[in-house]
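Subject: Handover of a structure model

Dear colleague,

Please find below the sequence and structure that I am handing over to you.

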Amino acid sequence: MSNIKDLNTSFKTMRTISLACIIGFVVLAVSAGYGFYKVTQDAGRRVYVVTNSGSAAALAVEEDTHTPFEARNMVKGFMKTMFGHDQYTFKQNLDAALPLIEGAGGRRIFENFNRGQVLQNYQRYSARSVLDVDSIYLDMKTRPYSGRVYTKQRIFIGDQQRQSLPMAAKFNLVETDRSDENPYGLLITNFDYIAYNPPVSREEKEFLQQQEAERQRRLRDAAAGAGVAPPPGYSTPAPADGSPAAPGAVPPNQ
C-alpha cells in the first residue's frame, strides 16, 4: 500500500515538473520571438549619419510621419513644375506635377492651359515661364493638412522678360501611398487661387519701418541742404526713446 502511495506521489511530482518546464519553454519562446521582432524592427529603421567626427546611429522616423520640411518641399516642387516650363519641357513638367494633385484639380489647371493656348504661345513666341516660390505657410496640426503658397511667375519672350506676375493659392494635403510618381506620400486637394497677400512677419515689419525712417531722414537732409521747406505731408518720426519729434516736423495728413 505504501509503495502505491509513493508511486502516486512520484507521478504527481513528475507531472508538475513537466508542466512547469513546458510553461517555462513557452514563455521563453514567446520572449525570444518578441525580442527578435523588436531587434529586426529597430535595425530596419536605423540609419547612420556620417559627420566629420565619425558616424552616429539614429532611428529613422515612421513611414507614415510627414514633416513640415517634406510637405513644403513637395508643394514647392509641384508649383515650379506645374507652372514653370517652355515648349520643350511643357509635357515633361506636367507629367511630373499631375501625380501630386487630385484628378479634378489637375484637370482644371490643364484645361486653363489649353484655353490660354500656353503651349502654342511657347512655340509661337519662343516663350518660357519661370516660377519663383516666395513663401509657403502650412498647418499640420490637424488632418487634412492645409496651407497657402505665394509665388511670382516670370514670363520671357525670347530674351526679354515681362513684368513678373504674382500668384497665390490655398490647398489641403491628404496622406496617400508613396510611389515612384509621388514619393512624398501626400496629395494636394482643394487647390484654389487666392489674392496675393502674404502675411508679414514681425521682423519684416520692423525692417519696413527702418526703411521708411531712413527714407524720411534722407528727405529731411535733402530739404535742409536745399534750403527749402519739407514737402507737404512730410513727417519726421518721433525718436524711438519717446522724446518729442524734432522742431519743424509736420504731422502726417496735415
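The notes below describe what was found in this structure.

The model is a predicted one, in which local features need pLDDT of at least 70 and side-chain atom pairs count only at pLDDT 80 or more, whereas totals for chains, interfaces and linings use all residues. Residues are numbered from 1 along each chain as its sequence is written, and side-chain values use heavy atoms, with hydrogens and water left out.

Confidence

The chain has a mean pLDDT (the predictor's confidence in each residue, from 0 to 100) of 79, and 65% of its residues reach 70 or more. Over residues 236-254, pLDDT stays under 50. For that stretch the model has 14 contacts (heavy atoms within 4.5 Å) beyond four places in sequence. Where pLDDT is low, the predicted coordinates should not be read in detail.

A buried glutamate

Glu70 is placed in helix 2, residues 68-83; helices (H or I, at least four residues) and strands (E, at least two) are DSSP runs, numbered from the N terminus. Glu70 counts as buried because its relative accessibility is 17%; buried means under 20% relative accessible area, exposed over 50% and partly exposed in between, with a 1.4 Å probe and protein chains only. Leaving aside residues up to four places away in sequence, Glu70 touches Thr65, Arg178 and Tyr184.

Backbone features in the loops

Gln117 belongs to the loop between helix 4 (103-115) and helix 5 (118-125), and with a relative accessible area of 38% it is partly exposed. Ser126 sits in the loop between helix 5 and strand 4; its relative accessibility of 47% makes it partly exposed.

A cis peptide bond, with omega about -5 degrees, joins Arg143 and Pro144. Pro144 is in the loop between strand 4 (127-139) and strand 5 (145-157).

A nonpolar surface patch

Val200, Phe207 and Leu208 form a nonpolar patch on the surface, with about 280 Å² of accessible area together. Patches are made of residues with over 30% relative accessible area and no salt bridge, and nonpolar side chains are joined within 5 Å.

Yours sincerely

Conventions
Patch = residues over 30% accessible without salt bridge, like charges linked within 9 Å, V, L, I, M, F, W, Y side chains within 5 Å. Areas by Shrake-Rupley, 256 points an atom, 1.4 Å probe, with all protein chains shown as cover. Salt bridge = Lys/Arg side-chain N within 4 Å of Asp/Glu carboxyl O.
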